[in-house]
Amino acid sequence: MLILGIIIGPHGLDLISKSIMEISPDLRVIALIIILLRAGFGINLESLRKVGMTAVKMSCIPDITEGFAVMLAAHYLLGLPLVEAGILGFVIAAVSPAVIVPQMLSFIERRMGTAKGIPTIILTGASVDDVVSITLFSVFLGIYQGQQVNLLVEAIGVPLSILIGIVSGLAMGLSLVYLFRRFSIRNSEKTLIILGAAILLKNAGDIISAYIPVAALIGVMVVGLVILERMPDTGMQLSKKFNKVWIFAEILLFVLVGGQVDIRLIIQLGFAGLAVIVLGLAARSIGVLMSLKGSDLNLGEKIFCVAAYIPKATVQAAVGAIPLAAGVAAGETILAMAVLAIIFTAPLGAMATRVAGEKFLTVDEDYERP
């Protein structure tokens, strides 16, 4: 789908309507919201409690190790000043829920790795990982623009934004549960209501974030989790509905992400650009292994977690062009690196995750899907 988007996009055969490309960011956000709702409906709360601390470590340690490794590599290999290299580091560092979540839900459906909550670790860790990456990206961009950046405030802002996101998702989820219990509504209509409420939550979060940090996308995932916990039977039926919606949203998301990719931008980077990304992935892999230290995962399961944290797509497509628009001197290089990261890691990560999952994850015969 990514390759198709590249071929038929505006930088290729230019077969996608310009009006579609103009609203592409909004369509990609809707597709991402569908992914996170599916993630919420796929998480077992008991499994989440069991892997809580491991998931917390997986949400920040790999991202930080990769971001700073890319920063140093880009400084020495691409000749970028450290601050601009830092901007690049945390554009590249974020993993892609769009690639990861559907695969983890597939493993949950097949009860693979669920005995140790492995898909749940990846689902929750990857969702928070993006918040950490975008926050640090904003810090480096602010430093470049000469803004007064208070690192303590920014550090406090990450857990605060996650907490507010969880609380807002909890409030929205409980409101929807009350609505569904109070009135007789068909499941198809419930699906549309949930999707509309999640879009509203995301947009409200974006507005409020100008004053208070809000991780609205985490709140979206919590909405699905709350409905599933309070209304298990309805939650199961709604999960199936969102699986069907995803068939269309998946095509929309990845073709439009591919449509953003300009192959010509990456030619100038050559092997140096690829080396920066590979070094970043090596650092992320070390971060994953550090995060899993002390867990009950065996070597094969840890290798699976490393593979699952490779793919990049959505965040890079969303923020890759921001530095260029903001007047950062290395803006074109940062955009080209974001493009290269998508092309190199999304297919590689997706295939590696699938192969490693089939090889290393065992089926849990006693697991009951939420």
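I started with the overall size of the chain: for 370 residues a compact globule would have a radius of gyration near 21 Å, and the chain has 20 Å, which agrees (C-alpha atoms only, the rule being 2.2 Å times the number of residues to the power 0.38). The C-alpha trace spans about 60 × 50 × 45 Å along its principal axes.

I noted that this is a predicted model, in which local features need pLDDT of at least 70 and side-chain atom pairs count only at pLDDT 80 or more, while totals for chains, interfaces and linings use all residues. Residues are numbered from 1 along each chain as its sequence is written, and side-chain values use heavy atoms, with hydrogens and water left out.

For secondary structure I found 18 helices and zero strands (DSSP runs numbered from the N terminus, H or I of at least four residues for helices, E of at least two for strands). I then looked up burial, and 54% of the 370 residues count as buried (under 20% relative accessible area, with exposed over 50% and partly exposed in between, for a 1.4 Å probe and protein chains only). Of the contacts between residues at least 6 apart in sequence, 84% join residues at least 24 apart (contact being heavy atoms within 4.5 Å).

I checked helix H3, residues 24-42, whose 19 residues should span 27 Å at 1.5 Å a residue, and the end C-alpha atoms are 27 Å apart, which agrees (the expected span is 1.5 Å times one less than the number of residues). H3 is mostly covered, with 15 of its 19 residues buried.

Next I turned to the largest pocket, with a volume of about 1200 Å³ (a pocket is an open set of points on a 1 Å grid over the protein atoms alone, with protein on both sides within 12 Å along at least five of seven lines, and lining residues have an atom within 4 Å of a point; the volume is the space filled by probe spheres set on the points, which are joined across faces, edges and corners). Of its 41 lining residues, Asp 130, Ile 134, Asp 206, Val 214 and Val 319 lie nearest the centre. H8 gives the largest share, nine residues, and among the other helices that each supply at least two are H3, H10 and H16.

Finally I looked up two buried residues. Ser 96, in the loop between H6 and H7, has a relative accessible area of 0%, and beyond its neighbours within four places in sequence Ser 96 contacts Pro 311, Lys 312, Ala 313 and Thr 314. Glu 301 lies in helix H15 and is buried at 4%.

Definitions and conventions
On a 1 Å grid over the protein atoms alone, a cavity is a set of points where a 1.4 Å probe fits but cannot get out, and a pocket is an open set with protein on both sides within 12 Å along at least five of seven lines; lining residues have an atom within 4 Å of a point.
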